[in-house]
Amino acid sequence: MKYSLLVLIFVVCTSLFTQAASAFDRTQIADVADDVSPLLIGQSVPNSTLLTVDGAPVSLKALTLEKPSVIIFYRGGWCPYCNRQLAGLKDIEEQLDALGYQIIAVSPETPAQLQAQKLQEKFTVRLLSDASLDTIKGFGIAFYVDDKTTSKYKTSWDIDLNQQDKSGKAVLPAPAVFILDTKGKVKFSFVNSDFKERLSPEFLLSAAQLLQ
């Protein structure tokens with residue numbers, strides 16, 4: 001009941017700001033994670049193309065026509081917070097499936113990187129690549145990673161942030177969760193610029209149940 005009440009308050013409050021969002025150009029990449037301007041409730045997802053782990057193209061619009069969708073945007077298989085979040089979905093996967101939802105996880109990694117991640121972690125969610133950054137930008141959650149952080153990731157953990165736009169700067173998504181209907185419209189969203197803070201499986205399940 002606690003989670004349900006919190007989710008209901010969140011959904012209602014977020015809906016009040018939908019009309020004010022039309023002025024934002026979400027295809028622009030924010031300078032920092034705090035400045036992203038994600039899609040709000042009632043707005044439509046971009047008509048973008050993603051890649052499967054085998055490199056096959058798939059239309060986001062076509063995917064959302066199949067079933068209501070839970071879409072998780074994460075930084076990559078190298079991120080322990082992302083892996084923990086995806087692993088936590090196993091606890092609610094059966095309930096979401098019973099409610100009719102499909103679960104999709106999108107990252108800027110290449111299909112080859114996703115394939116390695118799938119084999120290593122054995123995730124049951126559908127992993128899709130947005131190496132072009134079109135979907136991440138379309139959802140308004142893309143931001144530039146500063147050179148100092150990019151260098152630290154490489155020197156300290158041998159992590160290459162190779163998802164770059166034409167500026168040559170590394171780009172990541174602010175970790176986010178969206179629930180979409182079969183018309184491709186946002187019914188719920190959770191975006192936090194702090195990559196350590198993630199939506200709990202219990203909270204996500206409550207949101208999905210309330211939207212039925």
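**Strand pairing, cores and buried polar residues**

Guide: The bridge partner of Phe178 in strand 9 is Ser189. This is a predicted model.

Visitor: In which sense do strand 8 and strand 9 pair, parallel or antiparallel?

Guide: Strand 9 covers residues 186-191, and five bridges link strand 9 to strand 8. In the hairpin of these strands, five residues lie between them, and Gly184 takes a positive phi near 75°. The sense of the pairing is antiparallel.

Visitor: Which residues have the most contacts inside the largest nonpolar core?

Guide: The largest nonpolar core has 35 residues. At least two residues of this core come from each of helix 2, strand 3, strand 4, strand 6, strand 7 and strand 8. Another core, of 25 residues, lies apart from it and includes Val70, Leu89, Ile92 and Leu204. Inside the largest core, the residues with the most contacts are Ile71, Phe73, Phe139, Ile141 and Phe178.

Visitor: Which residues does Ile141 touch, not counting residues up to four places away in sequence?

Guide: Ile141 is among the residues with the most contacts inside the largest nonpolar core. With residues up to four places away in sequence not counted, Ile141 touches Val36, Pro38, Phe73, Ile136, Leu172, Pro173, Ala174, Ala176, Phe178 and Val191.

Visitor: Why does Ser37 count as buried?

Guide: Ser37 is found in the loop between helix 1 and strand 1. Its C-alpha atom is separated by 8.3 Å from that of Phe139, 102 residues apart along the chain. Buried means under 20% relative accessible area. Ser37 therefore counts as buried, because its relative accessibility is 17%.

Visitor: Which backbone nitrogen lies 2.9 Å from a polar atom of the side chain of Glu109?

Guide: Glu109 is found in the loop between strand 4 and helix 5. Glu109 is buried and has no salt bridge, the nearest side chain of opposite charge being that of Arg75, 10 Å away. The backbone nitrogen that lies 2.9 Å from a polar atom of the Glu109 side chain belongs to Gly77.

Visitor: Which residue caps the N-terminal end of helix 7?

Guide: Helix 7 spans residues 147-157, and Asp158, with a positive phi near 55°, follows this helix. At the N-terminal end, a side-chain oxygen of the capping residue lies 3.1 Å from the backbone nitrogen of Lys148. That capping residue is Asp146.

Visitor: What percentage of the residues in the chain is buried?

Guide: The chain has eight helices and nine strands. Of its 212 residues, the buried share is 48%.

Notes: Residues numbered from 1 in each chain as written. Predicted model: local features only at pLDDT ≥ 70, side-chain atom pairs only at ≥ 80, totals over all residues. Heavy atoms only, no water. Helix = DSSP H or I, 4+ residues; strand = E, 2+ residues; numbered from the N terminus. Buried < 20%, exposed > 50% of the residue type's maximum accessible area, 1.4 Å probe, protein only. Lys, Arg positive; Asp, Glu negative; His and termini not counted. Salt bridge = Lys/Arg side-chain N within 4 Å of Asp/Glu carboxyl O. Polar contact = N/O pair within 3.5 Å; in protein donor to acceptor, adjacent residues only side chain to side chain. Core = buried A, V, L, I, M, F, W, Y, C linked by side-chain atoms within 4.5 Å. Contact = heavy atoms within 4.5 Å. Pairing = 2+ DSSP bridges.
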